[in-house]
Amino acid sequence: MATVTEQDVLEALARVIDPDAQKSVVSLGMIEGIQIKDGHIAFAIQVSPEDGAAKEPVRKACEQAVYDVPGVLSVTAVLTAHRQASQAASAPPPQAAAGGAAKPGIPGVKSIIAVASGKGGVGKSTVAVNLALGLATEGKRVGLLDCDIYGPSIPRMMGIDGRPTAPDGERLLPMQNHGIVCMSMGFLVEEDTPMIWRGPMVMSALEQLMRDVEWGDLDVMVCDLPPGTGDAQLTMAQRVPLTGAVVVSTPQDVALADVRKAYAMFEKVDVPVLGFVENMSYFQCPHCSERTEIFGHGGARQEAEKLGVDFLGEIPLLPQIRETSDSGMPVIASDPSGTEAAIFEGIANRVAIKIEDALESSELAPPRIVIQ
Ligand code: ADP
């Protein structure tokens, strides 16, 4: 099969004419961040914030032009409008009103939950993966969306390699393992490729991963958010039609300060926090079963009580959790009858109940279905 180069992509795009300027999108400098991975192409089209969605026909024309290049298997083109730095750092874009009214849902997806953390390395992705598997064990149809565009770890943790296909040339089929359908930027770009996309491009890429994928009918989509509470996370919490969020923390004080930030972030955008999970809560010696509270213990539970948030459970620090999660065989799949699986399943069960409650509550109608 022909190997597609950046030159091929640019040549194809050079033939796409922007109807307003009557010039090629390439000569207008609108194309940015071309990524190529085995015939899967992604790039961004820079437009002015006022034009926004009005440039959708240009985006479509760009996608089609690149799709016609021999050897191209899929094309993901996103519109990006660079805001002024001062605006980008400030509050919500106007179309993303709080409360979900302006956030279209994903057709066929009943609920979307975010797994978030105030900082990296606390086991957020590990919890997201095992939560997804635990919800599937409850009989739910579950999707897992890796929202960490810069450091996607879901492909490794789910034990999925390979590239998604787009049989119709437009919508990607999600990847699958352990009974979960899954999508991640990690399937589309090489693991070591530095992602130099700026904030607005990240958001557009994420929207495409959500909306241009054939997710099928899902009871729950679990979104593994990037760690932290910066502008990118705030925008995601705002633009993704979330039913609720699960916040993961380790027990020590410094981590708890970050939990408060994560809680405040979701409050700001009116996303209910379904509860806190304390990970690496204690170390259980695999030989003598003695319990050691390395980072202190119980901090997340106390913080939850203070804030009036539910506490969903505590997970011990165990070599088995690290090994299984890093080798693509999450503990619920590798040792379904073990104690660790039972802990994650307990958390998943509490989350499932909270999702039902959130959907039933009058303020939180299921995401609006939009036929595109
Ligand atoms: P985050 O998403 O917060 O950055 P990860 O889920 O990637 O964190 O976890 C960071 C590392 O810690 C991974 O190597 C993971 O396997 C390990 N890890 C997470 N939770 C546990 C646990 N409870 N016990 C042992 N190792 C864990």
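**Helix packing, cores and buried residues**

Student: At what angle do helix α1 (residues 6–14) and helix α2 (residues 56–67) pack?
Tutor: The axes of α1 and α2 run 8 Å apart. Axes here are lines fitted to C-alpha atoms, for helices over the stretch in contact, with angles from 0 to 180 degrees between N-to-C directions. Helices are DSSP runs of H or I with at least four residues, strands are E runs of at least two, and both are numbered from the N terminus. For α1 and α2, the packing angle is about 130°.

Student: Before we go on, what kind of model is this?
Tutor: Residues are numbered from 1 along each chain as its sequence is written, and side-chain values use heavy atoms, without hydrogens or water. Local features need pLDDT of at least 70, side-chain atom pairs count only at pLDDT 80 or more, and totals for chains, interfaces and linings use all residues, since the model is predicted.

Student: So what's the word for how α1 and α2 sit relative to each other?
Tutor: The angle is about 130°. Under 35 degrees counts as roughly parallel, over 145 as roughly antiparallel, 65 to 115 as roughly perpendicular, and the rest as oblique. That's why α1 and α2 are called oblique.

Student: Which residues of α2 make the contact with α1?
Tutor: On the α1 side you've got Val-9, Ala-12 and Leu-13 (contact means heavy atoms within 4.5 Å). The contact residues split into 6 nonpolar, no polar and no charged. The classes are: Ala, Val, Leu, Ile, Met, Phe, Trp, Tyr, Cys and Pro nonpolar; Asp, Glu, Lys and Arg charged; the others, Gly among them, polar. From α2 come Cys-62, Ala-65 and Val-66.

Student: How many residues are in the largest nonpolar core?
Tutor: A nonpolar core is a set of buried Ala, Val, Leu, Ile, Met, Phe, Trp, Tyr and Cys residues joined through side-chain atoms within 4.5 Å. In the largest one, Leu-144, Trp-215, Val-222 and Phe-266 touch the most other members. Another core lies apart from it, with 22 residues that include Val-9 and Cys-62. The largest core has 87 residues.

Student: Which residues does Phe-266 touch, leaving aside neighbours within four places in sequence?
Tutor: Phe-266 is one of the residues that touch the most other members of the largest core. Its partners are Ala-116, Leu-225, Ala-237, Leu-242, Ala-245, Val-247, Val-271 and Val-273.

Student: Now α12 (residues 339–360): is Ile-347 buried or exposed?
Tutor: Ile-347 is in helix α12, and it touches Leu-131, Val-277, Leu-312, Gly-313 and Ile-315, not counting residues up to four places away in sequence. Buried means under 20% relative accessible area, exposed over 50%, and partly exposed in between (1.4 Å probe, protein chains only). Because the relative accessible area of Ile-347 is 3%, this residue is buried.

Student: At what angle does helix α4 (residues 124–137) pack on α12?
Tutor: Asn-130 and Leu-131 are among the α4 residues in the contact, with Phe-344 and Ile-347 among those from α12. By class, this contact has 8 nonpolar, 3 polar and 1 charged residues. The two helices are therefore roughly perpendicular. Their axes are 8 Å apart, and the angle is about 70°.

Student: How far apart are the C-alpha atoms of Ile-347 and Asn-130?
Tutor: Ile-347 and Asn-130 both belong to the contact of α4 with α12. They're 217 residues apart along the chain, yet the C-alpha separation is 9.4 Å.

Student: What is the relative accessible area of Glu-340?
Tutor: Glu-340 also sits in α12. Beyond its neighbours within four places in sequence, Glu-340 contacts Leu-318, Gln-320, Ile-321, Val-331 and Asp-335. Glu-340 counts as buried, because its relative accessible area is 11%.

Student: Over to the loops: which residues does Gly-186 contact, neighbours within four places aside?
Tutor: Gly-186 is in the loop between β9 (180–184) and α6 (199–211). This glycine is buried because its relative accessible area is 18%. Its contacts are Lys-37, Pro-152 and Pro-155.

Student: What's the phi of Gln-22?
Tutor: Most residues other than glycine have a negative phi. Gln-22 lies in the loop between β1 (17–18) and β2 (23–24), and counts as exposed because its relative accessibility is 59%. Although not a glycine, Gln-22 has a positive phi of about 55°.
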